[in-house]
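User: I want to learn how to read a domain layout and a ligand shell. Can you take me through one case?

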Amino acid sequence: MSDKWDLNPKEDAPEEGSTTPPSDDEGTNNAANANKGADDDGADANVADANGADANGADDKNANDAGDSNGAGEDDAGDNGAGENIDAREKARLHGFVERTPYDYSVYATGRKDDDADREEPAWLANAAVYEWNDDYGDVGPAIPELEIELFGSDYRMQAGTKFDAFKYEVTVEAPEPVHLIREFANAGLHPVMLENIKLCGYRFPTPIQMYCIPAILAGTDVVGIAQTGSGKTGAYFIPILSRLMGKAKKLAAPRPNPRTYNPATDRVRAEPLVLVICPARELAVQIFDEARRLCYRSLLRPAVVYGGVPLRLQLEELGRGCDVLIATPGRLKALMDKPGVLSLNRVKFTIIDEADEMLQDDWEEDMKRILAGADVNADDDHTYMMFSATFPKEARKLAKRYMMDDHVRIRVGRTGSTHTNITQKIVYVDDSAKRQALYDLLFSLPPARTLIFVNSRRMADLLDDYLFNLELPSTSIHSDRTQAEREDAIRAFRTGQMPIMVATGVTARGLDIKNVLHVINYDLPSAAHGGIDEYIHRIGRTARIGNEGLATSFYNDRNEDIADALVKILVETNQDVPDFLADRIPEGELVFDDDSDKDSVSSEDTDTKTAMPGDTATDAAGEIAEEPKWTAAEEPKWDGGNDTPAGDEAW
Ligand SMILES: Nc1ncnc2c1ncn2[C@@H]1O[C@H](COP(=O)(O)OP(=O)(O)OP(=O)(O)O)[C@@H](O)[C@H]1O
């Protein structure tokens with residue numbers, strides 16, 4: 001037990017095991033789906049989406065939160081009542097947690113807010129404003145100050161930190177021709193509008209994966225990009241692709257109605273995107289869409305996003321205006337492909353599969369076959385395929401080859417499936433029966449901060465959220481049983497700091513990029529059935545992104561033995577403390593990882609492997625000497641009481 005609670009507790013933090021959540025004997029609050037509010041007016045926790053949204057369909061990543069049984073030892077929530085818990089409340093506020101905010105059930109029940117009679121739909125994230133093309137402008141449109149503030153000025157946008165040494169990994173490039181890395185955006189041959197947008201984004205230097213992907217993609221090859229979580233993979237493909245298209249949009253894009261005179265009754269078109277990005281989760285799709293909205297600013301390229309849970313009607317309307325860059329989850333994409341006259345993939349020049357190892361799993365096979373090789377899909381040589389992820393197990397790499405050209409370029413920053421040292425990883429032994437108490441203690445042993453808690457089942461997410469909420473902590477939760485409106489509300493509340501604690505299943509393990517997530521807690525470690533060590537890597541990667549630092553605490557017990565060896569190797573590789581109870585698993589000699597070698601998937605006899613270390617001033621693979629990138633952070637990560645919401649700012 002000596003390894004428990006060495007998390008630098010605050011001076012007034014409770015002794016080990018001594019903190020008892022203030023009790024409340026007013027009974028239980030076991031609403032099935034734990035959507036809770038201050039009022040007890042009988043709001044149904046599991047309200048069907050009143051806006052005609054289709055059911056939470058199979059277009060989202062369900063794999064890791066499908067299992068509803070967490071087996072023996074799962075706690076039953078509900079012993080902390082729904083009524084006001086004065087002691088707990090005082091304790092939470094004294095500790096610095098923000099006041100919890102009740103949900104507005106009227107939105108779920110009617111789709112209307114009481115104070116907003118005109119609003120008929122929830123504000124779907126998919127409906128966010130995009131820069132609208134207008135033929136009068138030529139290739140580059142004028143700035144739109146309000147949109148510019150919305151896209152680039154939000155206080156909730158991630159800011160790069162200063163700890164970029166953590167990304168100084170050896171980069172392995174396997175390519176038939178040398179890839180000449182770029183060390184500055186300005187020298188990368190990018191379109192002037194793209195350079196402006198990169199500046200507006202605040203990206204000062206390319207990250208290692210961007211240094212190699214930008215030139216490779218500009219050269220027109222298929223690319224597999226593998227790099228650690230939070231290292232800018234989205235930009236690594238969007239920056240070169242959109243830049244390439246910016247000068248050619250007029251020639252390549254399908255005719256599109258003028259937004260100024262658009263009449264849906266007469267002007268609707270079939271959407272014929274040039275770029276298609278497929279990803280496994282709805283919230284991730286929205287996030288990629290946001291990056292596209294920023295990088296397409298002032299260009300002719302119009303981005304759109306489609307995903308399940310949003311009324312189909314709205315997405316048909318959106319596609320009817322035309323789109324050049326389409327981001328989609330597979331289920332909804334397939335549904336739209338099946339509708340006549342709505343969407344055609346015959347113009348697609350770039351298909352990107354984000355979180356590719358996840359998308360190549362059996363669960364997605366049928367959808368992916370249809371999307372990647374359907375009759376309507378552009379099968380010409382000018383169609384480039386790309387795959388990106390932080391993890392890429394061998395089996396997935398073999399499958400990936402099916403879709404890639406033989407001479408594709410493979411770019412790997414560090415070891416496939418590795419993580420970086422900006423994440424401090426703590427493993428704490430906690431029996432299942434003690435987990436809730438341990439969680440409560442843990443939350444109070446550190447300054448309050450944006451905290452993401454992962455569990456392995458939807459039921460556990462509900463129970464735990466209920467438990468925390470009833471202890472007056474500002475928590476919310478997200479999983480695949482929730483309506484999309486609820487999911488989007490949870491993300492908004494978490495992102496803005498309204499609810500700085502979020503309980504989640506694997507549905508948000510991948511890709512989610514939320515500012516100031518300083519602590520990730522694996523309440524349940526992901527066993528093999530829940531994605532295993534790769535899932536662990538993605539989950540902890542929700543903190544310490546893009547040069548920031550963060551903490552990941554995992555509750556371990558004997559039920560997690562199936563990932564113990566892999567976990568210990570990750571800890572050793574990233575110079576983390578290995579707790580006593582796992583010490584006998586530390587391998588002797590050199591660390592050997594199953595996924596280390598790409599030799600099995602090198603696709604061409606001629607493939608040449610080059611390595612270089614971005615950030616060094618040494619001669620790189622192309623023989624150029626470059627300055628070490630100098631990163632400056634707009635701000636340091638901060639322990640902020642869990643809430644950095646600027647007063648009165650309701651952006652996002
Ligand atoms: N060159 C850059 N400089 C500063 N910030 C950047 C740069 N490139 C990307 N970012 C920002 O870094 C954050 C992480 O990027 P992104 O989400 O693309 O990471 P990722 O590698 O795809 O992570 P994951 O594997 O978790 O999906 C985003 O907020 C993005 O806007």
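Analyst: Start with the parts. In this predicted model, the domain assignment gives domain 1 (125-413) and domain 2 (423-585).

User: How far apart are the centres of domain 1 and domain 2?

Analyst: Taken over C-alpha atoms, the centres are separated by 29 Å.

User: How many residues of each domain are in contact with the other?

Analyst: Read a contact as two C-beta atoms within 7 Å. Here 28 residues of domain 1 contact 24 residues of domain 2. On the domain 1 side, helix H9 (residues 282-295) supplies the largest share, four residues. That side holds twelve nonpolar, nine polar and seven charged residues.

User: Which residues are closest to the ligand?

Analyst: Met158, Gly232, Lys233, Thr234 and Ile546 are the closest, in a shell of 20 residues. Helix H6 (residues 233-246) gives the most to that shell, with three residues. By type, the shell has seven nonpolar, ten polar and three charged residues.

User: Which domains does the shell draw on?

Analyst: Domain 1 and domain 2 each give at least three residues.

User: What does UniProt list for residues 438-586?

Analyst: An unreviewed UniProt entry lists "domain: Helicase C-terminal" there. The span is 37% helix and 17% strand, and its end C-alpha atoms lie 26 Å apart.

User: And what of the protein as a whole?

Analyst: Count elements, then burial, then contact range. The protein has 19 helices and 15 strands. Of its 652 residues, 51% count as buried. Among contacts between residues at least 6 apart in sequence, 83% join residues at least 24 apart.

Key: Residues numbered from 1 in each chain as written. Predicted model: local features only at pLDDT ≥ 70, side-chain atom pairs only at ≥ 80, totals over all residues. UniProt positions renumbered as here; feature names shortened; annotations may be inferred. Helix = DSSP H or I, 4+ residues; strand = E, 2+ residues; numbered from the N terminus. Buried ≥ 20, exposed ≤ 12 C-beta atoms within 10 Å, placed from the backbone. Near = placed C-beta within 6 Å. Nonpolar A, V, L, I, M, F, W, Y, C, P; charged D, E, K, R; others polar. Domains from an automatic or database assignment.
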